[in-house]
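Subject: Handover of the structure

Hello,

I am passing this structure on to you. Please look through it first; my notes on what was found follow below.

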Amino acid sequence: MAQERTIKSPLPGVFYRRPNPESEPYVKEGDRIEAGTTIGLVGVMKSFHEIKADSGGVVVRFLVENEEPIRVGQDLLVLGD
Amino acid sequence: MLEVKSGGIETTVQDYPGRVGLLDQGIFPAGPMDDLAFRMANLLVGNDPGAAGLEVTAGGAEFAFTDNRVVAVCGADMQPRINGEPIELWRSYEVKAGDTLTLGWLNGPGFRSYVAVSGGIDVPVVLGSRATYAPGEIGGYEGRALKEGDQLPLGNTGNATPGRRVKPSLVPTYTSEWVVEAVRGPQADPDYFTTEDMEFFFSHAWTLDRNSNRTGYRLDIHQWQWARKTGGVAGGHPSNILDNGYPVGAVNVAGDQPIILTVDGPTLGGFVCCAVVAMGAMWKLGQMVPGWDKLRFKEVDIAQAAELVQQMNQLISEESLEGV
């Protein structure tokens, strides 16, 4: 049975899945990522902050849309083994 | 020395009242966004209330001490810890060489946390203040937010006072729906706005835009009625006026959008200001979460605004503290 866990946002702001509007998303569902992989950006106060995975695994699904406002501690995506 | 292990999202050296008396030189004061929590933190550790300390914004920062100090953290709850052990906000603690102070994610309402260290942060005084004005790269530590590896010099720790706390009944209450006292004008009704415009201004629950920062706090776009058709010689839009000086805390209405000019704001410009946030209410702005929190303006007159400042200054006193 796969252990599912979530990656949470450390700060409030707006979540972005891409480094800029023309780029591919940092990660996609099905990707295998490692701890430290950037999974998105949070924009607040006119600056952007990279959100990094705190553990490795396979991206099962995103729980927030691109450019969705998020709160601190909100689940961003589900990771599986 | 205070070693920065992590600067977090935006951590700056500030002092109070910052760089005052220089508006005519184009310099806003900088200093802490929440001057109440900032000064309380200094008072707790035995510093002058205006001594240089740290403003930690939006969560996450880590510091290591190289000698014995007393430290206090006031403001938003970022789950502060010394050597991994949770500590209380609004309380002073002893630290030794090698100890670490960590601030984590925001926990509950509030947005900025203040760290005071006995002796204060001894960065150079620039134009009369140690406060960081990052947009102009003036003051603080190299004129910028702190990052990993920075070494902050500390002043002499004189009468450091561990084991004290702010009396619990006097700790300010944070919320996500704020009431902010403000004085009408200098450009309000009937000359620039209609009576209905100002009624809306003082009753609407404004949402703080996510792009608000130390320079300005953006509020909702609103279709104002305007008392004038145009700005005349100053420009086509009725929000235009000939350039004039802006007070700290002015609610500057640029076209449809009101923007509160906060401590790193511009000193002049050519848009009307319909109200000015009372000096004694500016601290509330510092604890609002951009993108989420709401605020209403409560109209006060000059005498009431002066009383607010006086009340706040009375709160920043030894009488507000107790031993633990």
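Two strands are said to pair if DSSP finds at least two bridges between them. Helices (H or I, at least four residues) and strands (E, at least two) are themselves DSSP runs, numbered from the N terminus.

On conventions: this is a predicted model, in which local features need pLDDT of at least 70 and side-chain atom pairs count only at pLDDT 80 or more, while totals for chains, interfaces and linings use all residues. Residues are numbered from 1 along each chain as its sequence is written, and chains are lettered from A and ligands numbered from 1 in the order in which they are written.

Chain B overall

Chain B has four helices and 21 strands. Its radius of gyration is 20 Å, close to the 20 Å that the globule rule gives for 324 residues, so chain B is as compact as a globular protein of that length. The radius is taken over C-alpha atoms, and the rule is 2.2 Å times the number of residues to the power 0.38. Along the principal axes, the C-alpha atoms of chain B fill a box of roughly 65 × 40 × 30 Å.

Of the 324 residues in chain B, 50% count as buried. A residue is buried if 20 or more other C-beta atoms lie within 10 Å of its own, exposed if 12 or fewer, and partly exposed in between, with C-beta atoms placed from the backbone. Among contacts in chain B with a separation of 6 or more, 76% join residues 24 or more positions apart. Two residues are in contact if their C-beta atoms, placed from the backbone, lie within 7 Å.

H1(B) is mostly covered, with eleven of its eleven residues buried. Among them are Asp35(B), Arg39(B) and Asn42(B). After H1(B) comes Gly46(B), whose phi is positive, near 95°.

Strand S4 of chain B

Strand S4 (residues 61–65) of chain B pairs with strand S1 (residues 2–6) of chain B in the antiparallel sense over four bridges. Leu2(B) has Phe65(B) in S4(B) as its bridge partner. S4(B) also pairs with strand S9 (residues 100–103) of chain B, antiparallel and over four bridges, and there Ala64(B) stands opposite Thr100(B). The covered face of S4(B) holds Ala61(B), Phe63(B) and Phe65(B), and the uncovered one holds Glu62(B) and Ala64(B).

In chain A, four strands form an open antiparallel sheet in the order S1-S8-S6-S3. Its edge strands, S1 (5–8) and S3 (32–33) of chain A, each pair on one side only. Between strand S6 (residues 57–62) and strand S8 (residues 75–80) of chain A there are four bridges, in the antiparallel sense. Phe62(A) has Leu77(A) in S8(A) as its bridge partner.

The contact between the chains takes 15 residues from chain B and 13 residues from chain A. The chain B side has seven nonpolar, six polar and two charged residues.

Regards

Notes. Ala, Val, Leu, Ile, Met, Phe, Trp, Tyr, Cys and Pro count as nonpolar, Asp, Glu, Lys and Arg as charged, and the others, Gly among them, as polar.
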